[in-house]
Amino acid sequence: MSVLVGAGTRLLVQGITGREAANFTRECLDYGTQVVAGVTPGKGGEEVYRVPVFDTVEEAAAATHPDAALISVPPLGVLDAALEAIDARIPLLVIITERVPRRDVAALLTVAHAAGTTVVGPNSLGLIAPGACKLGSIGGPAADVRRAYTPGRVGVVSRSGGMTTEIASMLTRAGIGQSTCISVGGDSLIGTTLLDAYRLFAEDPDTEAVVTFSEPGGAQEHELAEFLEASGGPPTPLFCFVAGRFVDDMPGTRFGHAGTMVEAGGSTARAKIARLRAAGAHVADRLDELPVVVTAAMGTDVAA
Amino acid sequence: MRLYEWEAKRLLAERGVSVPDGALARSAGEARVVAGRWDATVLKAQVLRGGRMKAGLVQFAEDADGIAEAAASLLVAGAAQVLVEERVPLREERFIGALYDPRRRMPILIYTPRGGIDVEQDSEGSVVRVELDPHGPVEEFRLRAALQRAGVPGSDLRALSAIAAAVARAFLELDATLVEINPLAHVAGRGWMALDAHIELDGDALVRHQDLVERFDLATRGHDGRVPTAVERAAAEIDALDHRGVAGRLVEFDGDVALIIGGGGASLTVFDAIRDAGGQPANYCEVGGNPSVAKVSAFTQLLLERLNPARVAVVMNVVSNTRADLIARGVIEGCLAAGRAPGETIAVFRVPGAWEAESRELLAHYGVRAFGREIGVDAAARMATEATAA
């Protein structure tokens, strides 16, 4: 019923003794996530909501066998924390920390790629397989999560953390459940892009459709559109919303010469809408129309 | 964070890239001093934006009076400093740059056999891209091999690959997000020279470059070339009142409905929704995290008093971290402080999620229309627009 994570996911939280990390650790436990260990160097032997804390990932991994690591450490510590988790062969890293230097992100993604490790983020709010588990602060306290998210067959992937919950809530109210909802992070350099997430959903037999939320900037939507075209149309129905059309009309939003060469195809909201439509995606003009468009195209295939 | 051209040129010159001889001037008198040093002179306004040639911010002069006059006009046009340089006779123009390629998720070096102000259109199909190792040493031999494959003749190969390596080193050592030399020009008798340079630093990595922060006084520099308005500066001060949450990032517009909207993707969505409903926003802003009542109140008061909107609309996504009741309290206090009745001023309040019931109770007391997730963002935007027009 989900991608990347499920009811069996065993979570390790790096930086678990931090205020924010301790807070979402409790939310995750309340929602039913198996948080098996935490790591904070120097705090080995302590507990956070009964989760044992270790000094190193190696020690935590040997004792508790996690298969996902959530990283919530200060920005300059993220590279080392990620390398430590990759070295311990944890197959999925979710990086919550924002404002990580870009060179560090590029370095950790290079190492992760070579090791076959999947990275979500940085600057992700986390991800959730409704009814099974949630990783990170996504959706907030368990009671709020249950109100916004319902188990089902639509995958959600969003470049905005807050809008992940808004979209899930809209789908839930329209009677459409979700298989997995992923906040991929708002930065320009991230481990799991819209295309990566879409491909995971397309290969998942329990996901019938995918909803994406996009913003101006970057080449992710262009990349997704290229994939749809190369596949001869969307292998799984795709429903998109692109926010920020007004930014197109604002003076001063520009990219350098080199940026334009890298972001071939245009990175404005309107350019993305046109590109995705031409490639066969359903693009909603208004956010409120998103569940209507999904229901019209999918009918009972996506009913919760 | 963008650096000035003169700063970028110094950082590249320190890594072995040739640049024209030049000096900085803060006044016409200072510019005049260099007269006679070269046959021809170019004067370039030091401003933090591109397209200077097309905007008339680059001028040419020959004698002392011409130099003083050009410098004066560039200073009047808004530059605090003018770079006065020798004008070199160039034969060929190239482009070399380094940046992160979001598709490859790697830093890359870009070379094009043509440079100039329209390089991205002119160079289609002839762009050379070489991946750089984000933490390893710069491998000049790879850059040299790529340039050789792209048809760079043996006579230029060593010089151009050395410059490419210097650009790559600058990019990685400085934690830059962009380094560009455009044009990289061939000057008779002097070889390849950087006639213009553009460096952007990663604001999130500045903490490990205190030397640069001090050397170029980066602590006080804005993020783009646009000068914030007085109201925008006031909003930034309010946001800095305490470290709880964000209520700021204000951008002023001309409309009649002030907006208090969620952060990031939510604010983009709501702003579009208001415009789609026929409304004219008076501002863009981002409210996120869990800002204090005092901060939200001061921010609301600022919007009402300084932008004088007919109404204010409070529209957010489903919140989990932000407390709806604290936003409600702040907005009401802000209305009262500005001498405006909340029930007549707040066009719509749509903040679903944490502490929603408490927020509704408070708002009902003041006669404000409050909603949760039973209405969508677009429906809330339509209500805001209708109430503002009424």
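Q: How many bridges join strand β2 (residues 41-45) of chain B to β3(B), and in which sense do these strands run?
A: Strands of a sheet pair through backbone hydrogen bonds, and the pairing is either parallel or antiparallel. In this predicted model, β2(B) and β3(B) run antiparallel and are joined by 4 bridges. One residue pair to locate is B:Leu43 with its bridge partner B:Gln59 in β3(B).

Q: In what order do the 4 strands of the open sheet in chain B lie?
A: The order is β1-β4-β2-β3 in chain B, with antiparallel pairing in this open sheet of 4 strands. Its edge strands are β1 (22-25) and β3 (58-61) of chain B, each of which pairs on one side only. From one strand to the next, the twist averages 25°.

Q: Which strands of chain A pair with β11(A), and in which sense?
A: In a regular strand the side chains alternate between the two faces of the sheet. Strand β8 (residues 126-129) of chain A pairs with β11(A) in the antiparallel sense over 3 bridges, and A:Gly126 stands opposite A:Ser183 of β11(A). Strand β10 (residues 151-158) of chain A pairs with β11(A) in the parallel sense over 5 bridges. There, A:Ser158 has A:Ser183 of β11(A) as its bridge partner. The chain passes from β10(A) through helix α6 (residues 161-173) of chain A to β11(A), a β-α-β crossover that is right-handed.

Q: How many residues of strand β11 (residues 178-183) of chain A are buried?
A: Strand β11 of chain A is mostly covered, with 6 of its 6 residues buried.

Q: How is the packing of two helices read?
A: Two packed helices are described by the angle between their axes and the distance between the axes. Helix α5 (residues 140-149) of chain B packs on helix α6 (residues 154-173) of chain B at an angle of about 130°, and their axes are 9 Å apart. α5(B) is therefore oblique to α6(B). The crossing of these two helices, α5(B) and α6(B), is right-handed. On the α5(B) side, the contact includes B:Leu143 and B:Leu147; on the α6(B) side, B:Leu157, B:Ala164 and B:Ala168 are among the residues involved.

Q: Why is helix α3 (residues 78-87) of chain A described as largely enclosed?
A: An α-helix has 3.6 residues a turn, so residues three or four places apart point the same way. Helix α3 of chain A is largely enclosed by the rest of the structure because 7 of its 10 residues are buried. These buried residues are A:Val78, A:Leu79, A:Ala81, A:Ala82, A:Glu84, A:Ala85 and A:Ile86. They pack against β1 (10-14), α2 (57-64), β5 (68-71), β6 (92-95) and α4 of chain A. After α3(A) comes A:Arg89, which has a positive phi near 60°.

Q: Which residues of helix α1 (residues 5-13) of chain B are buried, and what covers them?
A: The buried residues of α1(B) are B:Glu5, B:Trp6, B:Ala8, B:Lys9, B:Leu11 and B:Leu12. Their cover includes β1, β2, β4 (82-86), α6, β9 (191-194) and β10 (197-201) of chain B.

Q: How many residues of chain A are in contact with chain B?
A: The contact involves 48 residues of chain A and 52 residues of chain B. On the side of chain A that touches chain B, the elements giving two or more residues are α4 (102-115), α5 (142-148), α6, α9 (245-248) and α10 (257-262) of chain A. The largest share of that side, 7 residues, is supplied by α6(A).

Conventions: Residues are numbered from 1 along each chain as its sequence is written. Chains are lettered from A and ligands numbered from 1 in the order in which they are written. This is a predicted model: local features need pLDDT of at least 70, side-chain atom pairs count only at pLDDT 80 or more; totals for chains, interfaces and linings use all residues. A residue is buried if 20 or more other C-beta atoms lie within 10 Å of its own, exposed if 12 or fewer, and partly exposed in between; C-beta atoms are placed from the backbone. Two strands pair if DSSP finds at least two bridges between them. A crossover is right-handed if, with the strands pointing away from the viewer, the path from the first strand over the helix to the second runs clockwise. Axes are lines fitted to C-alpha atoms, for helices over the stretch in contact, and angles run from 0 to 180 degrees between N-to-C directions. Angles under 35 degrees count as roughly parallel, over 145 as roughly antiparallel, 65 to 115 as roughly perpendicular and the rest as oblique. A crossing is left-handed if the near helix is turned anticlockwise from the far one by less than a right angle, and right-handed if clockwise. Two residues are in contact if their C-beta atoms, placed from the backbone, lie within 7 Å.
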